[in-house]
2 protein chains.
Amino acid sequence: MTLDWLGDHESEQVRERRFDLWRHDRRVPGVLWTPSDAAGPRPLVLLGHGASGSKRQDYVLSMARRFVRHHGFAAAAVDGPVHGDRRDPASPAGQRVFLDFAQVWSSDAAMTDAMVADYVSVLDELQGLEDVGAGPVGWWGLSMGTILGLPFVAAEPRVQACVLGLMGMTGPTQERIRSDASAVRCPVLFLVQWDDELFSRETAFELFGALGSADKRLHAVPGSHGAVTEEEWEASEGFLARYLQK
Amino acid sequence: MTLDWLGDHESEQVRERRFDLWRHDRRVPGVLWTPSDAAGPRPLVLLGHGASGSKRQDYVLSMARRFVRHHGFAAAAVDGPVHGDRRDPASPAGQRVFLDFAQVWSSDAAMTDAMVADYVSVLDELQGLEDVGAGPVGWWGLSMGTILGLPFVAAEPRVQACVLGLMGMTGPTQERIRSDASAVRCPVLFLVQWDDELFSRETAFELFGALGSADKRLHAVPGSHGAVTEEEWEASEGFLARYLQK
């Protein structure tokens, strides 16, 4: 594996480093955020973005900076399949990315395992950095960030707490989702949008019920798939801060 | 109406006053908690206890003292029907109170309106006190505290935020519950125990969905009816503190 650093800049005490991790011939484009003055090990939150977004979309950047600025954590995000810097720049963007992801989710059984391996490798590499180190690890990802995050959390014992949600027991890989859910053991905050037009609350409740963790909680608020409230961003932040600082 | 003060003592900066409010010939036994040094108006939280409990049961006392000590609020609780000091001291207690309440809930359509009138009168009287005053009002009550609190919150425009839960769209007065739920307009935090053996989560979700408030959120955690977590006591406290301090 090789980690190539592609950019390094700072904004208001947050250092942001763009990287490409090469796993054999597979390129994993990511971003790492740390406190500007970071030295020594600290908790690390891995963030999964939503379908049609990317590793640096507004809410991922915002959540990452909260963890860094408010808690001194490190945070990192990676582009999903057919997203961001993994996408052919000549291909259509916007809603088309959403469709492309739906297709790869339906048709490519190896996609999920490849993404889990990407995240594991990123975690290995980042924990080798002096200013990240082998501290507690959290996962934060909604919607596609749960589609890809749930199997990662299920497979990775280093994850000590996770925020999941905006996703249900549905889709092309339902049996896989069920077995991954039952394998999760860490504390979970699971977010539901009551009027979610992509994943009905009934399927979301079913997924929450299937999570193997004894310590889990579900927060539901009215609104559509994308209408997560500021209160729930704050709950996400507070939850991971509480469990990773222990 | 007459307010009789029956006791007044202090413990760790919390003043606790026992009162009987007389509404014609109906006695309404209650407790008021205020900061020992209280002067002037402040938010007031009314607390409803659970079936077979009373106005001063452990978690009511604990919640009341949190509001007083952490936020400088006033708090008050009143015995429910066939409970506490409304109960013939010679009659059997414990689980028998639960059965007696179930019976009065099923058979006495006037019970709910009488309890709502009790709470309205208590609110009128307490807001007349110099160290409580006409500040913002909150409601906190789970289970029987929602059975009786929902109609009170629906009827009382002074209530600006409420915590409800451990109850569902079920029971002998379902049409009344539905119309009261749709009349609620204030912000709500609604608590659900995933494995509630008295009110299934499906009926709890239905009640949450029926609440007329645009600003509402549901928190669910695994566990039986009585197994509310410390995290949700804290969420209750934080929610009411945030909305009543505005």
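Two strands pair if DSSP finds at least two bridges between them, and strands themselves are DSSP runs of E with at least two residues, just as helices are runs of H or I with at least four, both numbered from the N terminus. One spot to look at is B:Asp8, whose bridge partner in β2(B) is B:Arg17. The hairpin has two residues between its strands, and B:Glu12 takes a positive phi near 45° there.

Before going on, some housekeeping: this is a predicted model, where local features need pLDDT of at least 70, side-chain atom pairs count only at pLDDT 80 or more, and totals for chains, interfaces and linings use all residues. Residues are numbered from 1 along each chain as its sequence is written, while chains are lettered from A and ligands numbered from 1 in the order in which they are written.

Helix α1(B), residues 58–71, is another story. Its 14 residues reach 19 Å from first C-alpha to last, close to the 20 Å expected at 1.5 Å a residue (the expected span is 1.5 Å times one less than the number of residues). Its buried residues include B:Val60, B:Ala64, B:Phe67 and B:Val68. What do the buried residues of α1(B) pack against? The list is β2, β3, β4, β5, β6 and α8 of chain B. Just after the helix, B:Gly72 takes a positive phi of about 75°.

Strand β4 of chain B also holds B:Gly48. This glycine counts as buried because it has 28 C-beta neighbours inside 10 Å. Leaving aside neighbours within four places in sequence, B:Gly48 is in contact (C-beta atoms, placed from the backbone, within 7 Å) with B:Gly141, B:Met144, B:Gly145, B:Leu148 and B:Gly149. Its C-alpha is 8.8 Å from that of B:Ala76, 28 residues apart along the chain.

B:Ala76 leads us to the core. A nonpolar core is a set of buried Ala, Val, Leu, Ile, Met, Phe, Trp, Tyr and Cys residues joined through C-beta atoms within 7 Å. In the largest one, with 145 residues, A:Ala75, A:Ala76, B:Ala75 and B:Ala76 touch the most other members. Beyond its neighbours within four places in sequence, B:Ala75 is in contact with B:Trp33, B:Val45, B:Leu47, B:Ala64, B:Phe67 and B:Val68.

Now for the two chains together. A rotation of 180° with 0.0 Å of shift along its axis superposes chain A on chain B, at an RMSD of 0.0 Å, using least squares on the C-alpha atoms of residues with pLDDT of at least 70 in both copies. That is the relation of a two-fold axis. In chain A, the C-alpha nearest the axis belongs to A:His219, 2.3 Å from it. The same surface serves both copies, as 100% of the contact residues of chain A recur in chain B.

The contact takes nine residues from each of chain A and chain B. On the chain A side, strand β9 (residues 216–221) gives the most, with six residues. Three bridges join β9(A) to β9(B), and the two run antiparallel. Here A:Ala220 stands opposite B:Leu218.

Methods: Two residues are in contact if their C-beta atoms, placed from the backbone, lie within 7 Å. A residue is buried if 20 or more other C-beta atoms lie within 10 Å of its own, exposed if 12 or fewer, and partly exposed in between; C-beta atoms are placed from the backbone.
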